[in-house]
Amino acid sequence: MVTFKLNGHENGKPAYLAQRRAVGTKVTFASIVFDGREWLLKKLPNGRVDRFDTARDAKEEARKG
């Protein structure tokens, strides 16, 4: 199960950490931030960045992967 933790604000919008439970602890695997035009889903292990129109779309993609 993926949870989202508020991680401050960036460019006037909330920023989130995407976390999942692994071996009894929460592991952060991605961050979601607003760059001024689009929402970015930054996957931490490999550095991949996906762009979305809404935060909801970015969160849905994080839940899938």
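**Talking through the model**

Analyst: Let us begin with Ser31, which counts as buried because its relative accessibility is 13%, and buried here means under 20%. Please keep in mind that this is a predicted model.

User: Where is Ser31 placed, and what is it in contact with beyond its neighbours within four places in sequence?

Analyst: Ser31 is part of strand E3, and, once the neighbours within four places in sequence are set aside, its contacts are Tyr16, Leu17, Leu40, Leu41 and Lys42.

User: And Val33, is that buried or exposed?

Analyst: Val33 also has its place in strand E3, and with a relative accessible area of 7% it is buried. Leaving out neighbours within four places in sequence, Val33 is in contact with Glu10, Ala15, Glu38, Trp39, Leu40 and Lys42, so Leu40 and Lys42 are found in the contact lists of both Ser31 and Val33.

User: How far is Val33 from Pro14 in space?

Analyst: Their C-alpha atoms are 7.1 Å apart, while in sequence Val33 and Pro14 are separated by 19 residues.

User: Let me step back. How many helices and strands does the chain have, and what is the pattern along the sequence?

Analyst: The protein chain has one helix and five strands, and reading along the sequence gives the pattern β-β-β-β-β-α. Its radius of gyration is 11 Å, close to the 11 Å that the globule rule gives for 65 residues, so the chain is as compact as a globular protein of that length. Taken along the principal axes, the C-alpha atoms fill a box of roughly 35 × 20 × 20 Å.

User: What about charge?

Analyst: There are 14 positive and 8 negative side chains, and the centres of these two sets lie 8 Å apart.

User: Which residues other than glycine have a positive phi?

Analyst: Asn11 is one of them, with a phi near 55 degrees, and Val23 is another, at about 55 degrees. Asn11 lies in the loop between E1 and E2, whereas Val23 lies in the loop between E2 and strand E3.

User: How exposed are those two?

Analyst: Asn11 counts as partly exposed, at 49% relative accessibility, while Val23, at 88%, counts as exposed.

User: Last topic, what confidence does the predictor give?

Analyst: The average pLDDT of the chain is 95, and 100% of the residues score at least 70. Among the elements, the lowest mean pLDDT, 95, belongs to strand E2 (residues 13–22), and the highest, 98, to strand E5 (residues 49–52).

Key. Residues numbered from 1 in each chain as written. Predicted model: local features only at pLDDT ≥ 70, side-chain atom pairs only at ≥ 80, totals over all residues. Heavy atoms only, no water. Helix = DSSP H or I, 4+ residues; strand = E, 2+ residues; numbered from the N terminus. Rg over C-alpha atoms; globule rule 2.2 N^0.38 Å. Lys, Arg positive; Asp, Glu negative; His and termini not counted. Charge placed at Lys NZ, Arg CZ, Asp CG, Glu CD. pLDDT = per-residue confidence, 0-100. Buried < 20%, exposed > 50% of the residue type's maximum accessible area, 1.4 Å probe, protein only. Contact = heavy atoms within 4.5 Å.
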